[in-house]
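These are my notes from going through one model, entry by entry. The order is the order in which I looked things up.

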Amino acid sequence: MSATALRSGLLLCRSCSLLCRPPGDGGEADCPRCGEALHPRKPDSLVRAWTFFVLACILYIPANTMPALESTTLVAFTSNTILGGVRVFWEDGDYLIAAVIFTASVVIPLAKLLAMGILLATAQARSTWMPRRRARIYRIVHTVGRWSMVDIYVGALLVALVQFNTIGEVRIGPASLPFAAVVILTLFCSLSFDPRLIWDPVDEAP
Amino acid sequence: MSETRAIVACPECDLLQEEVELGPRCVAQCARCGAQLFRRIPGSIDRTLACLAGAAIFFLIANAFPVLSLEAQGLSNSATLLGSAQALYDDDERLVAILVFMTTVLLPGLEMGSMLYLLGSVRMGRVPRAISFAYRLVEAARPWTMLQVFLIGVIVTLVKLRHMATVVPGIGVYALAGAIVMISAAVSMYEPRAFWARVKELRS
């Protein structure tokens, strides 16, 4: 039985970390220091996180199967999916870049979806299974998520640089929008998930 | 509403713990889940402010000069931070363009500007007027600033195009690298507790 803020009737401000005592009437309150709305847990954490999770899973499919980049030169038109782009780097002997793109665009989004799926399912089931490890997984998911944006930036730079007056033309393909959406949705998913939900069942266990 | 003292709650597992006195540059971690609770950084406000000022100058330069230039058949074409978002916008990829603009220009700029405003005011002995708005803006913008990721994108683009054309890194990319180093330094020196403690002193 651990003493938690929830059990002691205290509220921790999510923005400035001030520990507050809520007003006696039990109504809504804002943080007296920074004005952020105070909640014992992020409101509707699981419902919101699940929604972002499911949307991200659906969009993950077009993001990987549709062309991400379409380039036209005087001699050829090529169109590549994200994995196809990785293969081009690999065949050109740019192994490091191929590995970076593969990790950022394929491994990280997939690992993130898998990890969030496990975190959400165990929190939903009020599991008390390895909470410390799950808390660590959450911290990792939260820090690596943004690196998936690399591919979008490469696309933007290519479009800006390669234009018909020079060597050809590059346009980003139809996969870009769903891919960007997956990055955003997984970020929203991990932001709306409240890691304290991992520990609540542990605190309530007899 | 009243503040409670000497007790902290872990933001990640909700466990209540007694505050401990920390030595300089030490970190207090949650006893149960290992999350970072707070740190003690001597001169946090001054040091963060110094690094931020440097970061802001680098960031302005990074925005003013091209990050990459491409030369082929006697013609050249260059891309700036803003220009790459602009190119997508003109190409009718509006949503992706807005995302690129927000994560590389708007939000990093707002985050740096707000932090300079908050810490700068406190440094000059005033409680900033828009303190709660600016503070929450910084906290909300943080997960969405991706300058480091953009820099990796520049490097990947450089490698990708080198077989087809001459690609030259511009002043912008060096300034961007400088900004990233200074921002990381600022973040490592920034301790919200030191800021709020100073605000409390100023208010009383």
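What percentage of the contacts in chain B with a separation of 6 or more is between residues 24 or more positions apart? I find 61%. I keep in mind throughout that this is a predicted model.

**Entry: chain B overall.** I listed the secondary structure of chain B and got seven helices and eight strands. The radius of gyration is 21 Å, whereas the globule rule gives 17 Å for 204 residues, so I note chain B as more spread out than a compact globule. Along the principal axes, its C-alpha atoms fill a box of roughly 70 × 40 × 35 Å. Of the 204 residues in chain B, 41% are buried.

**Entry: strands in chain B.** I looked up what E6(B) pairs with. Strand E6, residues 68-72, runs antiparallel to strand E7, residues 75-79, and five bridges join the two. E6(B) is also joined to strand E8, residues 166-169, by four bridges, again antiparallel. The hairpin of E6(B) and E7(B) has two residues between the strands, and I noted a positive phi near 50° at B:Gln73.

**Entry: where chain A touches chain B.** I counted 57 residues of chain A in contact with 55 residues of chain B. Several elements of chain A each supply at least two residues to this side, among them strand E2 (19-21), helix H3 (95-124) and helix H7 (196-204). H5(A) gives the largest share, with 10 residues. Sorted by class, the side of chain A that touches chain B holds 38 nonpolar, 10 polar and nine charged residues.

**Entry: A:Trp147.** I found A:Trp147 in the loop between H4 and H5 of chain A. Is A:Trp147 buried or partly exposed? I counted 19 other C-beta atoms within 10 Å of A:Trp147; a residue is buried at 20 or more, so A:Trp147 is partly exposed. Setting aside neighbours within four places in sequence, I list A:Ala104, A:Ile108 and B:Val149 as the contacts of A:Trp147. I also checked A:Thr103, which is 44 residues from A:Trp147 in sequence but 9.0 Å from it in space, C-alpha to C-alpha.

Conventions:
Residues are numbered from 1 along each chain as its sequence is written. Chains are lettered from A and ligands numbered from 1 in the order in which they are written. This is a predicted model: local features need pLDDT of at least 70, side-chain atom pairs count only at pLDDT 80 or more; totals for chains, interfaces and linings use all residues. The radius of gyration is taken over C-alpha atoms; the globule rule is 2.2 Å times the number of residues to the power 0.38. A residue is buried if 20 or more other C-beta atoms lie within 10 Å of its own, exposed if 12 or fewer, and partly exposed in between; C-beta atoms are placed from the backbone. Two residues are in contact if their C-beta atoms, placed from the backbone, lie within 7 Å. Ala, Val, Leu, Ile, Met, Phe, Trp, Tyr, Cys and Pro count as nonpolar, Asp, Glu, Lys and Arg as charged, and the others, Gly among them, as polar. Two strands pair if DSSP finds at least two bridges between them.
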